[in-house]
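Try each task yourself before you read its solution.

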2 protein chains.
Amino acid sequence: MSELNHKRFLLDHIAELIVVRASAYRDDAQRDYPQWELDNSNLKRLLAKGVGGVILYGGSTTDLEQRCFALRRWAKKPILLCADVEEGLGQRFKGGTVLIPPMAIGRLYNSDSQKAIYFAERYGSCIGKQAKKCGLNWVLAPVCDINTNPNNPVINVRSWGEDPFTVAELSSSFHKGIVSEGVMTCAKHFPGHGNTSVDSHLELPVLSSYIEELKQCELIPFSYLINKAVPSIMTAHLMFENIDSENPVTFSPVLTENLLRKKFFYDGLIVTDALIMDAIAKLHSSGEAAVRAVLAGADLILMPGDVDEAIQALYEAFASGRIPFYRLEESLRRRRLAIDRFEIKSKVLSQGSSYSSNYIIEETDDCDFAGELIDCTLESINCKYLEFDDDSINLILVDNFATSQSFNRRLPIFSFPESLGLKSILWNEFVVNPLQEKDGNVYLLPELCNKDILLQLFMRGNPFQGKNDIASGWISLIKTLQKQKRLKALVVYGSPYLWQEICEVLDSSISAVYSPGQMEEAQKRVFINLIDSKKTKNYGSNEFTN
Amino acid sequence: MSELNHKRFLLDHIAELIVVRASAYRDDAQRDYPQWELDNSNLKRLLAKGVGGVILYGGSTTDLEQRCFALRRWAKKPILLCADVEEGLGQRFKGGTVLIPPMAIGRLYNSDSQKAIYFAERYGSCIGKQAKKCGLNWVLAPVCDINTNPNNPVINVRSWGEDPFTVAELSSSFHKGIVSEGVMTCAKHFPGHGNTSVDSHLELPVLSSYIEELKQCELIPFSYLINKAVPSIMTAHLMFENIDSENPVTFSPVLTENLLRKKFFYDGLIVTDALIMDAIAKLHSSGEAAVRAVLAGADLILMPGDVDEAIQALYEAFASGRIPFYRLEESLRRRRLAIDRFEIKSKVLSQGSSYSSNYIIEETDDCDFAGELIDCTLESINCKYLEFDDDSINLILVDNFATSQSFNRRLPIFSFPESLGLKSILWNEFVVNPLQEKDGNVYLLPELCNKDILLQLFMRGNPFQGKNDIASGWISLIKTLQKQKRLKALVVYGSPYLWQEICEVLDSSISAVYSPGQMEEAQKRVFINLIDSKKTKNYGSNEFTN
């Protein structure tokens, strides 16, 4: 083999270790995040060059399915196609099922562990089945982090719970469900991201735990999953200053090579979390970051900011001997084993399209399961059918605009109360705040005074950051409204921590419901508990008849 | 032929006259309007029964393309597949091009008629080409209504102008552009919906025009299009009390049979507007409405509320002789001619999927054209690069929530001003109003006082309904802010009427821009006029780098 051919051969194989990001939409102009998602010409070029994986975002299930066909055609060899669909395929792709957050099942585990274990497995198989139908072969879940810190801004309700054994059991069951559908899982974020209060999307969290402490808590779910032969593990962008004071986990041979490979005998794929996350991108260029990750023990490099630079830097590191050559062979072997086991082998893939008259992604039993999860985890206090005066207000407070993006007027949070004659008012960080602070208490603006209130609160992560955070303002508002006898009912969607705080101050006369899920179906089921359908004014006229 | 076979044969052919509504999404649960969009089992059943057309809503261009394949497979014979994409395929299907409203080209016609005519034709071919790529063979446009009433709530900027000859010229050019791509057009809403102030989606508008008056104005664009052999015309849900005091247009033999067929010698397809619109649905059942429409001269029945009832009622009317049998033969003949001329005859359709590596829906020259239209119709007064104090406010007022549904934080209306350090505040009908009326003037709430304002106004239809409407409140606010010397710049997206009113009161020191289009690309181009990119703080960091 000539030197040139040798270089080309090497580059092709190095490229297999890279996972790039793309939109599931077909055309470049459709991308929601063009700064992170490759355009089609680069995507085609890089797949032709040997790039071995794509992580997909955005679009419908049909977009995803068609995109997976196209990517496989462009790659000409088997590739890994993955997505971050921890809470159902519908979390990222319209038309897939949206499931309640894992933490709701973790809470259920406390009262009925068998049911929770069954649900977690079914949760996994629901995701695995729909992912595979669309052409994915890799789901970046389960989250194995233990939410030991309720202030955790990035894990929170994504976690299966606050106790190591609950998380270990439920994430193992979830893994079992996905793998039973022939789809690869990924335990994340090694060695545990649950005890942070900093968002690693923004900066690098520094933790002081020692290995022994991790072993007694954070590592337990990972050790369970390694015993279940989890095919891949994702490293966290965290710094453990008492374990490796020089390197974040992704670059730390102490944590990956020594701990994960040697102590845990883990021989599956190690994949980095996205290298473009600021915690890492602030430290090193794409090339240097990729080299350091592979040196530390990573097999796959997720979303380097500059893909060509990452490939080139890895080539130079292997060619110069900075990374020993056997590391490339090892990583390629692990990747090949994963492909052999999980790549979809149906005829459909080669034919081009599977969209036929009888082929649907979300089946009736998926919808039923999603509904059952909602019903089993709804909590209500003093629930009775609501009665409101005619000028009452449906006040909806949302803790971040990202969530409220998809808020449209057809949603049950608007349409059900409106069918009772209430006027809706929405607040998020981009509109005028209907709340005012005065003398340490929170009130509604004068124009909303003297009206009865149905209060709906949307909050997922990061509820209590200090005295002046959003949640404490909301609780102060609840106290004020209770004094004024104007709070008629209250619903919390999302955070169990917020719900707990509210339960401690809530008058027993007020109907209150907690739904871990924020999705449309959960809203509908909340109102079925709160509304006497015979009394609604426009109910069923336009919005809720099928 | 046995009587049973005869009945079945007749029912099959009657069904060809019906156009039903479906979502372009694949699964039932994905439908945005399940109360109007058939589920898959009914859709399959009705297509197998012979239903001859489907109007599609929602989804991406890939959803649409795959859906059109599936519908053709279910129908087993050629069908009409249409959509209401008057302002670009992207108006209904994500990934298609979104174009400025026709009225903007109508305004351009006053200063440069040749350019406007060229644009209108290119506008049509852009829609036709993308529609055909996705599998549609029928576009429900051009709007031929003349917006003689600026208060018109339902036509307004959808119209090509306020003058009969402008509308006639531009709608003819638009038609030429679509037909050149092999796609069928539909002139609407016969005999002219431009002079109403009532929304026929809600109730039946009553007009007092005589035929002679219509001939001198409203009918002119239709007569132009009939001369250009427009393949279909849609009837309006209007009542002309001095022409046919008993029937709205859709049920009026005076207007359809006598005027359109006999006076205008029109032998193309006559299609009703959607029968589920309240103007009609309040008057008659689906069956009776379908019968009356066909009796009056309609060939195709759009969106009857109950499809089976409409087919059955038509069957009984033909069988009993209430409608003469030759009317069925005529309508079937006209439909067959349209199918022969416009049904897509490519190999692709029979193969199943056209999604291949090099196949995109929106090509670069479509994007360029959409951008050129925006640039050619932007108007600006006293434009200079903006300078703001640090606590200035980007105040965005939106006239209806439907429009603001898709408002997300990544849009240029948020991100560009934020890159200059402004704080965004959005108002729509569902959030607390930042405006207060006092002594006949409009002010900002106290908490927004003393801050400089960039004001962005979104309004399409129905701007001036009276003294207390939204628009007059906005104009009063502008006057207040000008007195307080706090209005630094102003942008109007949409209504030329609002822009004209504002121009009359605006101080010459204030930078102001008018964009007929409200879409993301228009917002971007507005800010390129207003912002010195060298001075922005975060510009290009995340949102606008490709």
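This is a predicted model: local features need pLDDT of at least 70, side-chain atom pairs count only at pLDDT 80 or more; totals for chains, interfaces and linings use all residues.

**Exercise 1.** Classify the aromatic pair of Tyr118(B) and Phe119(B), and say whether each residue is buried, partly exposed or exposed.

*Solution.* Next, take the accessibility. Tyr118(B) has 48% relative accessibility and counts as partly exposed, whereas Phe119(B), at 0%, is buried.

**Exercise 2.** What kind of pair do Phe190(B) and Phe222(B) form, and which elements does the pair link?

*Solution.* The ring centres of Phe190(B) and Phe222(B) lie 5.3 Å apart, with the planes at 85°, so this pair is edge-to-face. Now place the partners: Phe190(B) is in strand S5 (residues 187-190) of chain B, and Phe222(B) is in helix H8 (residues 219-227) of chain B. They are 32 residues apart, and the pair links distant parts of the chain. Finally, check burial: Phe190(B) is buried at 0% relative accessible area, and Phe222(B) is buried at 0% relative accessibility.

**Exercise 3.** Which rings have a charged side chain over them in the pairs Arg21(B)–Tyr57(B) and Lys438(B)–Tyr443(B)?

*Solution.* Take the arginine: Arg21(B) lies over the face of Tyr57(B), 3.7 Å from the ring centre. Then turn to the lysine: the charged end of Lys438(B) is over the ring of Tyr443(B), at 5.3 Å from its centre.

Terms used. Residues are numbered from 1 along each chain as its sequence is written. Chains are lettered from A and ligands numbered from 1 in the order in which they are written. Side-chain values use heavy atoms; hydrogens and water are left out. Buried means under 20% relative accessible area, exposed over 50%, partly exposed in between (1.4 Å probe, protein chains only). Rings of Phe, Tyr and Trp (its six-membered ring) pair if their centres lie within 6.5 Å; planes under 30 degrees apart count as stacked, over 60 as edge-to-face and the rest as tilted. Helices (H or I, at least four residues) and strands (E, at least two) are DSSP runs, numbered from the N terminus. A charge sits over a ring if NZ of Lys or CZ of Arg is within 6 Å of the ring centre and within 35 degrees of the ring normal.
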